[in-house]
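Good morning. I will go through one structure today, a few places in turn. Please have the chain in view while I talk.

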Amino acid sequence: MKRSTYSSICIFTTIFMCLSIHSKTSEDILHTTYYNSPNNKTLGYNYVNSDVQSLYPKEVFLTFDDGPCINNTHKILKILKDNNVKASFFVVGIKATENPEVLKEIHNSGMCIAVHTYSHDYKKIYKNLDAYLNDYDACCNVIQNLTGKTPSPYIRLPGGSTNLVTSKSNLNSIKNALNEKGIRYVDWNVCSGDAESHVVAVDKIKNNVMTQCKDKNFAVILMHDTYYKYFTVEALPDIINYLKNEGYVFRTFDDVTPAEESEMIKLKIINK
């Protein structure tokens, strides 16, 4: 009788410990597949600890679209390195194919690499859902082949998520498909204005960023690193210096926390 009671206690203790471990594991780790391509090849996973820290008092995400290019991307990377900050590059696949060493430099510099588009041809990209997803796959493949790394699951839609290039219904079908695949589309809440015209005054770019960041504790800044954007390069050191002086912590989309993602959803920066 005593032996039976002892055995029952041991069994109960073992079961309790297993359930506790399982519960802790389930609580601490969320396993999310980012995207499965048509050939069912998984492109990425996200492991998120539930005990994440809260937001920093002030955060900023520097983002650069439309590169890489042979001249200005390299200069931007040097400025970032000199200032010991990281940024996110939403790349164009065809530009990466033309400038593979520059994309590798972005990767080797520890920057976040994410998908913008492969062709940047709006008519082709937004023709229908399949056309968009094919373009997305092509850009993913270029990034992965050149860097050996899966691109971030945070992407930027060409023209932004509320562009008027395609119909609202077509755009919604693309957004819904991205959501179903665990891909977040990212807009911005601070625009540098460096794409307003062929040449933009450096002081205007700096003023745009400083003015729009003035009352924000959380900023995602839109800039570009294309061939002719020398004025973006010239404005960047002062922009970084301003952000540092204002107490911003520099973040990238490589390691977004649930708290940061929730904040961006609330601010309608992600999945608008």
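We need one definition to begin with: Ala, Val, Leu, Ile, Met, Phe, Trp, Tyr, Cys and Pro count as nonpolar, Asp, Glu, Lys and Arg as charged, and the others, Gly among them, as polar. Also keep in mind that what you see is a predicted model.

Let us start with the cavities. The structure has three of them with a volume of 30 Å³ or more. I will take the second largest cavity, at about 50 Å³. Which residues line the second largest cavity? They are I113, I143, T147, K149, T150, P151, S152 and D254. Sorted with the definition, that lining gives three nonpolar, three polar and two charged residues.

Two of those names, I143 and T147, come up again in a helix contact. There, I143, L146 and T147 of α6 meet P100, L103, K104 and H107 of α4. Helix α4 covers residues 100-108 and helix α6 covers residues 129-147. In general, a packed pair of helices is described by the angle and the distance between the two axes. Here the axes come within 9 Å and cross at roughly 75°. Angles of 65 to 115 degrees count as roughly perpendicular, and α4 and α6 are therefore roughly perpendicular to each other. By class, this contact has four nonpolar residues, two polar ones and one charged one.

Next, the largest pocket. Its volume is about 200 Å³. The lining consists of D66, P68, C69, I70, V92, K95, E98, N99, H120, T226, Y227 and K229. Five of these residues are nonpolar, three are polar and four are charged.

Where is D66 found? D66 sits in the loop between β3 and α2. Its phi is positive, about 80°, although D66 is not a glycine. P68 has its place in the loop between β3 and α2 as well. The peptide bond that joins G67 and P68 is cis, with omega at about 5°.

Strand β3 brings me to the last item, the aromatic pairs. The count comes to eight pairs. One of them is F61 with F253, with 4.7 Å from centre to centre and 45° between the planes, which makes the pair tilted. F61 belongs to strand β3, residues 59-65, and F253 to the loop between β10 and α10. These two residues are 192 residues apart, and the pair links distant parts of the chain.

That is the end of my list.

Note on methods: Residues are numbered from 1 along each chain as its sequence is written. This is a predicted model: local features need pLDDT of at least 70, side-chain atom pairs count only at pLDDT 80 or more; totals for chains, interfaces and linings use all residues. Side-chain values use heavy atoms; hydrogens and water are left out. Axes are lines fitted to C-alpha atoms, for helices over the stretch in contact, and angles run from 0 to 180 degrees between N-to-C directions. Helices (H or I, at least four residues) and strands (E, at least two) are DSSP runs, numbered from the N terminus. Angles under 35 degrees count as roughly parallel, over 145 as roughly antiparallel, 65 to 115 as roughly perpendicular and the rest as oblique. Contact means heavy atoms within 4.5 Å. On a 1 Å grid over the protein atoms alone, a cavity is a set of points where a 1.4 Å probe fits but cannot get out, and a pocket is an open set with protein on both sides within 12 Å along at least five of seven lines; lining residues have an atom within 4 Å of a point. Grid points are joined across faces, edges and corners, and a volume is the space filled by probe spheres set on the points. Rings of Phe, Tyr and Trp (its six-membered ring) pair if their centres lie within 6.5 Å; planes under 30 degrees apart count as stacked, over 60 as edge-to-face and the rest as tilted.
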